Amino acid sequence: MTNTPRPTRARWFPILALVFVATLINYLDRAVFSIARPLFTKELGISAILAGTMGSAFSWSYALAQIPGGAVLDRFGTRMVYGLSLLTWSLVTMVQGLVSTVGAFIGLRVALGVCEAPCFPANSRVLNSWFPQHERARATSIYSVGLSAGLAFLTVPLFWIAEHYTWRGLFIVAGGIGVLFGVVWYAFYREPRESKLVNQAELDYISAGGGFAKEGIAQTPVSWANILKVSRLRPILVISLAQFCGNTVLTFFLIDFVNYLATQRHMAWIKLGFFLSFPFMAAAVGGLIGGAVADTIIKRGGSISLARKLPVVSGLIMASSLVLANWVPEGQDGLVIAIMSVAFFGQGMSNLGWTVLTDLAPKNMLGLAGGFFNMITNLAGILTPLILGVILEVTGSYFYSLIYVAIAPLLGAGLYMFALGDIKRLEVQS
């Protein structure tokens, strides 16, 4: 009688741990803009509309670079491209702390978008390579905690850095952390077939569950014909538009939330650092619960469609509740934070769009599909800061801004319920 070796768990550690930290740093480097905004806008004399333009400058280049970024990812692989992406976006973050003109700041925000473009398509490739389908929602929810964990647990230190070393020191410290981790990523990440930490039993387990651990992910040439093929895949277009709606809420929290609390709610700087952590902690918990619900449904024999749609739709509807803050009297800071925490919990719970994409995308077009998906979804990062900036400049209030942000996730929930259909792997000839 032979003993069958148990599968190793390299997919969870170090692989998912690396993705988690990379995603945390990715959003940390984006979010320091929000924390620093009340400080540098005052120092540089920047208007609300110009601040909104600066906030959206990142997303212009980030969205436009998605398809080229996916192509580079397909060509050179996850290890090299993700490592270089980490290194370059972190260096750009550091340099933002050294500029003194609006033009230079906007230019660096554009550069940041280009450098960060491969991040989420790379995350998608890692999950497809390393995880069976029934574990991907949980894996996505764990690394997605990095979207909010950076601010949830580092808010007070970040505000302390800003207070003692100015907003410039904040950018420099955040970027320096990313530079160091870029080296760590390149040193430790490997594809399943190249890793010395994975045994054959784990490779068999991943492959049996629909992962690409053995055969790898096919490369598809980038061409307008192939881009059009992806854009004509209706389910991918639907989830891209729905994720755009959810990202409208996320963009508000990343770009405008600190400014909302400081200018609309007149919270003291000390209170901001403390209160800001609660919605981001709620988003982290919501992400974990959404992933756990999805994987539990599959393990109990439920359909993929139900497992993905239920947490996404529920979360999007919950995210719209942030509009209730409009009717909370000034001074009731705890109630405002409670409402925002419920809303951001819902946004975190709905953050399974990338998991749905890994379920839908053709095997031979994962890079292109990921680039297209992220391009559409991050149009929210372009439009939301601009629209909110104009509303704030015209009305002097966030009242109508919260209404706009609340409508978007309801539209996203409607797309999942009435336009998506069954979730299953699409096939297309490249």
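**Exercise 1. At what angle do helix α4 and helix α6 pack, and how far apart are their axes?**

A word on the model comes before the solution. This is a predicted model, in which local features need pLDDT of at least 70 and side-chain atom pairs count only at pLDDT 80 or more, while totals for chains, interfaces and linings use all residues. Residues are numbered from 1 along each chain as its sequence is written, and side-chain values use heavy atoms, with hydrogens and water left out.

Step 1. Helix α4 covers residues 78–96 and helix α6 covers residues 119–130; helices here are DSSP runs of H or I with at least four residues, numbered from the N terminus. The two pack at an angle of about 150°, and their axes are 10 Å apart, where an axis is a line fitted to C-alpha atoms over the stretch in contact and the angle, from 0 to 180 degrees, is taken between N-to-C directions.

Step 2. That angle makes α4 roughly antiparallel to α6, given that angles over 145 degrees count as roughly antiparallel, those under 35 as roughly parallel, those from 65 to 115 as roughly perpendicular, and the rest as oblique. The crossing of α4 past α6 is left-handed, a term for a near helix turned anticlockwise from the far one by less than a right angle, with clockwise giving right-handed.

Step 3. On the α4 side, Thr78, Tyr82 and Trp89 meet Cys119, Ala122, Asn123, Arg125 and Val126 of α6, contact being heavy atoms within 4.5 Å. Five of these residues are nonpolar, two polar and one charged; Ala, Val, Leu, Ile, Met, Phe, Trp, Tyr, Cys and Pro count as nonpolar, Asp, Glu, Lys and Arg as charged, and the others, Gly among them, as polar.

**Exercise 2. Describe how α10 and α16 pack, from geometry to residue classes.**

Step 1. The angle between α10 and α16 is about 50°, and their axes lie 8 Å apart; α10 and α16 are therefore oblique to each other.

Step 2. The two helices make a right-handed crossing. The contact includes Phe244, Thr251 and Ile255 of α10, together with Leu379, Leu383 and Leu388 of α16. By class, the contact has nine nonpolar, six polar and one charged residues.

**Exercise 3. Which helices line the largest cavity, and what is its volume?**

Step 1. The largest cavity has a volume of about 160 Å³. A cavity is a set of points, on a 1 Å grid over the protein atoms alone, where a 1.4 Å probe fits but cannot get out, and lining residues have an atom within 4 Å of a point.

Step 2. Of its 14 lining residues, Arg30, Phe58, Ser59, Thr251 and Leu254 lie nearest the centre. At least two lining residues come from each of α1 (11–44), α2 (48–64), α10 (234–264) and α16 (379–395), and α10 gives the largest share, with five residues.

Step 3. The lining divides into six nonpolar, six polar and two charged residues.

**Exercise 4. Which residues lie nearest the centre of the second largest cavity?**

Step 1. The second largest cavity has a volume of about 120 Å³. Its lining numbers 17 residues, with Tyr27, Phe120, Gln243, Asn351 and Trp354 nearest its centre.

Step 2. Helices α1, α7 (133–188), α10 and α15 (366–377) give two or more residues each to this lining, and the largest share, four residues, is from α7.

Terms used:
On a 1 Å grid over the protein atoms alone, a cavity is a set of points where a 1.4 Å probe fits but cannot get out, and a pocket is an open set with protein on both sides within 12 Å along at least five of seven lines; lining residues have an atom within 4 Å of a point. Grid points are joined across faces, edges and corners, and a volume is the space filled by probe spheres set on the points.
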